[in-house]
Amino acid sequence: MPVKIRLSRRGRKKQAMYDVVVADSRAPRDGKFIEKIGTYNPNTDPASISLNDEKAFDWVMKGAQPTDTVKAMLSYRGIMMKKHLQIGVLKGAITQEDADKKFEIWLAEKEAKIQGKVEKLSASKASEAKARLAAEKKVSDARAEAIAAKKKVADDTLVAEIAEAGADEAEKALEEEGNEAVASAAETPAAEEAPAVEETPAEEAPKAEEPKAEEPKAEAKEEAAPEADEEKKED
(Lines give C-alpha, C1' and ligand atoms only; values in the text may rest on other atoms or scores of the structure.)
Protein backbone atom coordinates (compact mmCIF):
# COMPACT_ATOMS: atom_id res chain seq x y z
CA MET A 1 0.00 0.00 0.00
CA PRO A 2 1.61 3.31 -1.07
CA VAL A 3 1.79 5.67 1.92
CA LYS A 4 2.11 9.43 1.75
CA ILE A 5 2.89 12.14 4.26
CA ARG A 6 0.61 15.02 3.43
CA LEU A 7 -1.47 17.86 4.82
CA SER A 8 -5.07 17.61 6.00
CA ARG A 9 -6.91 20.90 6.03
CA ARG A 10 -8.85 22.25 9.00
CA GLY A 11 -9.68 25.64 10.48
CA ARG A 12 -11.92 28.54 9.50
CA LYS A 13 -12.36 30.10 6.08
CA LYS A 14 -9.31 32.20 5.14
CA GLN A 15 -7.69 31.03 8.39
CA ALA A 16 -6.75 27.52 7.29
CA MET A 17 -4.52 25.30 9.40
CA TYR A 18 -3.22 21.89 8.46
CA ASP A 19 -2.42 18.63 10.15
CA VAL A 20 0.59 16.66 8.96
CA VAL A 21 -0.70 13.12 8.57
CA VAL A 22 0.45 9.78 7.26
CA ALA A 23 -2.30 8.39 5.05
CA ASP A 24 -3.04 6.04 2.19
CA SER A 25 -2.42 7.81 -1.10
CA ARG A 26 -5.81 6.60 -2.35
CA ALA A 27 -7.73 8.23 0.53
CA PRO A 28 -9.24 11.72 0.02
CA ARG A 29 -7.27 14.69 1.21
CA ASP A 30 -9.34 15.30 4.34
CA GLY A 31 -10.38 11.67 4.77
CA LYS A 32 -9.05 8.90 6.97
CA PHE A 33 -5.37 8.81 7.87
CA ILE A 34 -3.03 6.36 9.57
CA GLU A 35 -1.29 8.70 11.99
CA LYS A 36 -1.01 12.39 12.75
CA ILE A 37 2.60 13.51 13.21
CA GLY A 38 2.35 17.30 13.42
CA THR A 39 0.67 20.58 12.50
CA TYR A 40 1.40 23.43 10.07
CA ASN A 41 0.14 27.03 10.38
CA PRO A 42 0.96 29.26 7.37
CA ASN A 43 -0.79 32.31 8.87
CA THR A 44 2.25 33.31 10.94
CA ASP A 45 5.55 34.80 9.75
CA PRO A 46 7.58 32.66 9.64
CA ALA A 47 5.15 29.77 9.32
CA SER A 48 4.67 27.70 12.48
CA ILE A 49 5.67 24.04 12.14
CA SER A 50 5.08 21.61 14.96
CA LEU A 51 6.38 18.16 14.07
CA ASN A 52 7.28 14.93 15.77
CA ASP A 53 10.73 14.54 14.22
CA GLU A 54 11.25 10.93 15.34
CA LYS A 55 7.97 9.70 13.85
CA ALA A 56 8.50 11.70 10.69
CA PHE A 57 12.02 10.26 10.29
CA ASP A 58 10.75 6.74 10.99
CA TRP A 59 8.04 7.00 8.30
CA VAL A 60 10.46 8.52 5.81
CA MET A 61 12.91 5.65 6.40
CA LYS A 62 10.05 3.18 5.89
CA GLY A 63 9.44 4.61 2.43
CA ALA A 64 6.55 7.04 2.96
CA GLN A 65 6.59 9.65 0.22
CA PRO A 66 6.03 13.27 1.35
CA THR A 67 4.19 15.71 -0.86
CA ASP A 68 6.13 18.76 -2.12
CA THR A 69 4.90 21.00 0.71
CA VAL A 70 5.58 18.41 3.37
CA LYS A 71 9.01 17.66 1.85
CA ALA A 72 9.92 21.37 2.16
CA MET A 73 8.78 21.24 5.77
CA LEU A 74 10.84 18.12 6.45
CA SER A 75 13.88 19.72 4.84
CA TYR A 76 13.34 22.80 6.98
CA ARG A 77 13.32 20.65 10.12
CA GLY A 78 16.36 18.59 8.96
CA ILE A 79 14.50 15.30 8.48
CA MET A 80 15.60 14.92 4.87
CA MET A 81 19.25 15.72 5.82
CA LYS A 82 19.12 13.13 8.56
CA LYS A 83 17.71 10.59 6.10
CA HIS A 84 20.54 11.30 3.66
CA LEU A 85 23.18 10.77 6.39
CA GLN A 86 21.47 7.62 7.64
CA ILE A 87 21.47 6.11 4.15
CA GLY A 88 25.23 6.78 4.05
CA VAL A 89 25.60 4.94 7.36
CA LEU A 90 23.58 2.00 6.06
CA LYS A 91 25.78 1.83 2.97
CA GLY A 92 28.90 2.03 5.12
CA ALA A 93 30.10 5.35 3.66
CA ILE A 94 30.32 6.98 7.10
CA THR A 95 29.96 5.90 10.68
CA GLN A 96 26.92 6.63 12.81
CA GLU A 97 29.01 8.89 15.04
CA ASP A 98 30.17 11.00 12.09
CA ALA A 99 26.64 11.17 10.75
CA ASP A 100 25.35 12.41 14.14
CA LYS A 101 28.09 15.07 14.37
CA LYS A 102 27.40 16.32 10.86
CA PHE A 103 23.71 16.48 11.61
CA GLU A 104 24.30 18.45 14.83
CA ILE A 105 26.52 20.94 12.96
CA TRP A 106 23.94 21.32 10.21
CA LEU A 107 21.14 21.71 12.77
CA ALA A 108 23.07 24.39 14.69
CA GLU A 109 23.66 26.37 11.48
CA LYS A 110 20.00 25.98 10.52
CA GLU A 111 18.81 27.19 13.91
CA ALA A 112 21.19 30.17 13.68
CA LYS A 113 19.74 31.03 10.29
CA ILE A 114 16.22 30.68 11.60
CA GLN A 115 17.03 32.83 14.63
CA GLY A 116 18.66 35.43 12.39
CA LYS A 117 15.59 35.49 10.18
CA VAL A 118 13.30 35.86 13.19
CA GLU A 119 15.40 38.73 14.57
CA LYS A 120 15.50 40.36 11.15
CA LEU A 121 11.75 40.09 10.85
CA SER A 122 11.30 41.51 14.37
CA ALA A 123 13.64 44.42 13.57
CA SER A 124 11.84 44.99 10.29
CA LYS A 125 8.47 45.00 12.05
CA ALA A 126 9.78 47.40 14.70
CA SER A 127 11.20 49.67 11.99
CA GLU A 128 7.94 49.56 10.06
CA ALA A 129 5.99 50.32 13.21
CA LYS A 130 8.32 53.26 13.98
CA ALA A 131 8.03 54.56 10.42
CA ARG A 132 4.26 54.15 10.55
CA LEU A 133 4.09 56.06 13.84
CA ALA A 134 6.32 58.81 12.40
CA ALA A 135 4.12 59.03 9.31
CA GLU A 136 0.98 59.14 11.45
CA LYS A 137 2.54 61.84 13.64
CA LYS A 138 3.50 63.82 10.54
CA VAL A 139 -0.04 63.56 9.21
CA SER A 140 -1.44 64.48 12.62
CA ASP A 141 0.87 67.50 12.89
CA ALA A 142 -0.03 68.61 9.37
CA ARG A 143 -3.72 68.22 10.20
CA ALA A 144 -3.26 70.21 13.43
CA GLU A 145 -1.40 72.96 11.54
CA ALA A 146 -4.15 73.07 8.92
CA ILE A 147 -6.81 73.31 11.63
CA ALA A 148 -4.84 76.05 13.41
CA ALA A 149 -4.39 77.98 10.15
CA LYS A 150 -8.07 77.58 9.35
CA LYS A 151 -9.00 78.76 12.84
CA LYS A 152 -6.67 81.77 12.51
CA VAL A 153 -8.24 82.71 9.19
CA ALA A 154 -11.68 82.35 10.75
CA ASP A 155 -10.65 84.51 13.72
CA ASP A 156 -9.15 87.17 11.46
CA THR A 157 -12.28 87.14 9.32
CA LEU A 158 -14.46 87.47 12.42
CA VAL A 159 -12.37 90.37 13.74
CA ALA A 160 -12.54 92.06 10.34
CA GLU A 161 -16.31 91.56 10.19
CA ILE A 162 -16.71 92.96 13.71
CA ALA A 163 -14.53 95.96 12.84
CA GLU A 164 -16.44 96.50 9.61
CA ALA A 165 -19.75 96.21 11.44
CA GLY A 166 -18.54 98.73 14.04
CA ALA A 167 -17.44 101.13 11.32
CA ASP A 168 -20.79 100.74 9.56
CA GLU A 169 -22.65 101.37 12.80
CA ALA A 170 -20.53 104.46 13.54
CA GLU A 171 -21.07 105.75 10.02
CA LYS A 172 -24.77 105.07 10.31
CA ALA A 173 -24.92 106.86 13.66
CA LEU A 174 -23.09 109.88 12.22
CA GLU A 175 -25.41 109.86 9.25
CA GLU A 176 -28.46 109.71 11.52
CA GLU A 177 -27.08 112.57 13.62
CA GLY A 178 -26.50 114.61 10.46
CA ASN A 179 -30.02 113.91 9.25
CA GLU A 180 -31.46 114.90 12.61
CA ALA A 181 -29.44 118.16 12.56
CA VAL A 182 -30.67 118.97 9.05
CA ALA A 183 -34.25 118.22 10.01
CA SER A 184 -33.97 120.38 13.15
CA ALA A 185 -32.47 123.23 11.14
CA ALA A 186 -35.31 122.99 8.62
CA GLU A 187 -37.99 123.10 11.34
CA THR A 188 -36.67 126.23 13.19
CA PRO A 189 -36.48 129.57 11.20
CA ALA A 190 -33.11 131.27 10.90
CA ALA A 191 -34.22 134.36 12.84
CA GLU A 192 -37.03 133.83 15.26
CA GLU A 193 -39.57 136.61 14.95
CA ALA A 194 -40.61 138.18 18.19
CA PRO A 195 -44.24 137.49 18.86
CA ALA A 196 -46.40 140.45 17.86
CA VAL A 197 -47.70 142.30 20.83
CA GLU A 198 -51.41 142.66 20.56
CA GLU A 199 -52.47 146.23 20.95
CA THR A 200 -54.92 146.36 23.70
CA PRO A 201 -57.24 149.30 23.44
CA ALA A 202 -56.64 151.88 26.11
CA GLU A 203 -58.96 151.24 28.90
CA GLU A 204 -61.45 154.02 29.24
CA ALA A 205 -61.16 155.68 32.53
CA PRO A 206 -64.26 155.08 34.46
CA LYS A 207 -66.46 158.08 34.47
CA ALA A 208 -66.58 159.81 37.78
CA GLU A 209 -70.02 159.59 39.15
CA GLU A 210 -71.45 163.04 39.54
CA PRO A 211 -72.74 163.61 42.98
CA LYS A 212 -76.43 163.70 42.97
CA ALA A 213 -77.88 166.96 43.77
CA GLU A 214 -79.13 166.88 47.27
CA GLU A 215 -82.76 167.06 47.38
CA PRO A 216 -83.58 170.24 49.26
CA LYS A 217 -86.99 169.09 50.11
CA ALA A 218 -85.78 166.16 52.05
CA GLU A 219 -83.36 168.28 54.00
CA ALA A 220 -86.04 170.83 54.51
CA LYS A 221 -88.29 168.20 55.87
CA GLU A 222 -85.57 166.88 58.10
CA GLU A 223 -84.88 170.41 59.38
CA ALA A 224 -88.54 171.16 59.78
CA ALA A 225 -89.13 168.08 61.79
CA PRO A 226 -86.99 169.08 64.77
CA GLU A 227 -88.54 172.52 64.70
CA ALA A 228 -91.99 171.11 64.87
CA ASP A 229 -90.90 168.94 67.78
CA GLU A 230 -89.61 171.96 69.59
CA GLU A 231 -92.94 173.89 69.00
CA LYS A 232 -94.84 171.01 70.41
CA LYS A 233 -92.65 171.01 73.48
CA GLU A 234 -93.25 174.71 73.94
CA ASP A 235 -96.92 174.27 73.66
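This is a predicted model: local features need pLDDT of at least 70, side-chain atom pairs count only at pLDDT 80 or more; totals for chains, interfaces and linings use all residues.
Modeller: Residues are numbered from 1 along each chain as its sequence is written, and side-chain values use heavy atoms, with hydrogens and water left out.

Colleague: What makes Phe 103 and Trp 106 a stacked pair?

Modeller: Rings of Phe, Tyr and Trp (its six-membered ring) pair if their centres lie within 6.5 Å; planes under 30 degrees apart count as stacked, over 60 as edge-to-face and the rest as tilted. The ring centres of Phe 103 and Trp 106 are 6.3 Å apart and the planes stand at 20°, so the pair is stacked. The count by this rule is two aromatic pairs.

Colleague: Where do Phe 103 and Trp 106 lie?

Modeller: Both belong to helix H4 (residues 96–187), three residues apart, about one turn of the helix.

Colleague: Why is Phe 103 called buried?

Modeller: Buried means under 20% relative accessible area, exposed over 50%, and partly exposed in between (1.4 Å probe, protein chains only). Phe 103 has 16%, and is therefore buried. Trp 106 has 22% relative accessibility, so Trp 106 counts as partly exposed.

Colleague: Which charged end sits over the ring of Phe 103?

Modeller: That of Lys 82, 5.6 Å from the ring centre. A charge sits over a ring if NZ of Lys or CZ of Arg is within 6 Å of the ring centre and within 35 degrees of the ring normal. Lys 82 also lies over the face of Phe 57, at 5.0 Å from the ring centre.

Definitions and conventions: Helices (H or I, at least four residues) and strands (E, at least two) are DSSP runs, numbered from the N terminus.
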